[in-house]
Amino acid sequence: MYMYSKRQQLVGDLSDLIRSGRLAHGERLPGENQLAEQYQVSRGTVRSALSELQQLELISTQAGVGSFVTFDGVQLDQRLGWARALADAGAPVTTQLLGIETVEDRALEEEFGEKTYVAVKRLRREHDRGVSLETATVSAAGPLAELPETGLRDGSLTKTLEAAGRISVGGDQWISTERLDAHTAGLLGRSIGELFLRAERTSVDVEGRLVERVVSLLDPDRFQFHLTFGHR
């Protein structure tokens, strides 16, 4: 018997409220904290569910909002994958695959209802100095379950996901800062306690399934995040 995840239940319940008219047009949804408490889920799960409702055009957020990442002031197209985007930008950055392994992730299981995932870890260097360290976590469904054995398609996670039918149509991204611990500092060739940007980006497909969750540690001297809003 198919079991709905808490995230799917939240999406279904809110969809029913909106489509039935019980939640009037223009009326605000309950706040993230209220929904998280009501459904016993994390705020990340709530944000993911609201993102799907927006893709279904059942709710709307502030019009014209968008964001992108730059490296040394050059915009990176995240849809291409950062390795390709950095190469197209002419940045002398190399990408090292640190490993691909099957993992369990309780937070993702709570949001998407799947227990097993595949984590792809990559380090990006400019000469001998690390500029970013990222972990991309994807569903271990279908051909993606074999990634630890088969590896990435043409060395690209973006191409691998597309070949598996996981095409991103939206999602969200959260930016914070994090001080490097001994392990991450060693990988990046940096000092323990050095402050890096931390980006967490979750993308989903048209059916609301996880495409990937990427957690990146980024050199703040090289990477920036740019937000646009409204009409220009």
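This is a predicted model: local features need pLDDT of at least 70, side-chain atom pairs count only at pLDDT 80 or more; totals for chains, interfaces and linings use all residues.
In the hairpin of β4 and β5, two residues sit between the strands, and H127 takes a positive phi near 60 degrees. Residues are numbered from 1 along each chain as its sequence is written, and side-chain values use heavy atoms, with hydrogens and water left out.

**The sheet**

- As background, strands of a sheet pair through backbone hydrogen bonds, either parallel or antiparallel.

**Around β4**

- Strand β4 (residues 116–126) is largely enclosed by the rest of the structure, because eight of its eleven residues are buried.
- Buried here means under 20% relative accessible area, exposed means over 50%, and partly exposed is in between (1.4 Å probe, protein chains only).
- On one pairing, β4 runs antiparallel to strand β3 (residues 93–104), joined by eleven bridges; two strands count as paired if DSSP finds at least two bridges between them.
- G99 stands opposite K121 in β4.
- On another pairing, ten bridges join β4 to strand β5 (residues 129–139), again antiparallel.

**Around β7**

- Seven of the ten residues of β7 are buried, so this strand is largely enclosed by the rest of the structure.
- β7 pairs with β6 in the antiparallel sense over ten bridges, and D172 stands opposite T202 in β7.
- Eight bridges join β7 to strand β8 (residues 210–218), which runs antiparallel to it, with E200 opposite V215 in β8.
- The hairpin of β7 and β8 has five residues between the strands, and there G208 takes a positive phi near 80 degrees.

**Helix α3**

- α3 (residues 43–55) has 13 residues and reaches 18 Å from its first C-alpha to its last, close to the expected 18 Å; the expected span is 1.5 Å times one less than the number of residues.
- Ten of the 13 residues are buried, which leaves α3 mostly covered; among them are V46, A49, L50 and L53, along with R47 and E52.
- Those buried residues pack against α1 (6–19), α2 (32–39), α5 (106–112), β6 (170–179) and β7 (195–204), where contact means heavy atoms within 4.5 Å.

**The cavity**

- There is one cavity of 30 Å³ or more in the structure, and the largest cavity has a volume of about 30 Å³.
- A cavity is a set of points, on a 1 Å grid over the protein atoms alone, where a 1.4 Å probe fits but cannot get out; lining residues have an atom within 4 Å of a point.
- Grid points are joined across faces, edges and corners, and the volume is the space filled by probe spheres set on the points.
- Lining the largest cavity are R47, S48, S51, G171, D172, T202 and V204.
- α3, β6 and β7 each supply at least two of the lining residues, and the largest share, three residues, comes from α3.

- Q40 is not a glycine, yet has a positive phi of about 55 degrees; it is found in the loop between α2 and α3 and is exposed, with a relative accessible area of 55%.
- H127, in the loop between β4 and β5, isn't a glycine either, and counts as exposed at 64% relative accessibility.
- Q8, placed in helix α1, is partly exposed at 27% relative accessible area.
- The C-alpha atoms of Q8 and E111 are separated by 7.9 Å, although the two are 103 residues apart along the chain.

Note on methods. Helices (H or I, at least four residues) and strands (E, at least two) are DSSP runs, numbered from the N terminus. On a 1 Å grid over the protein atoms alone, a cavity is a set of points where a 1.4 Å probe fits but cannot get out, and a pocket is an open set with protein on both sides within 12 Å along at least five of seven lines; lining residues have an atom within 4 Å of a point.
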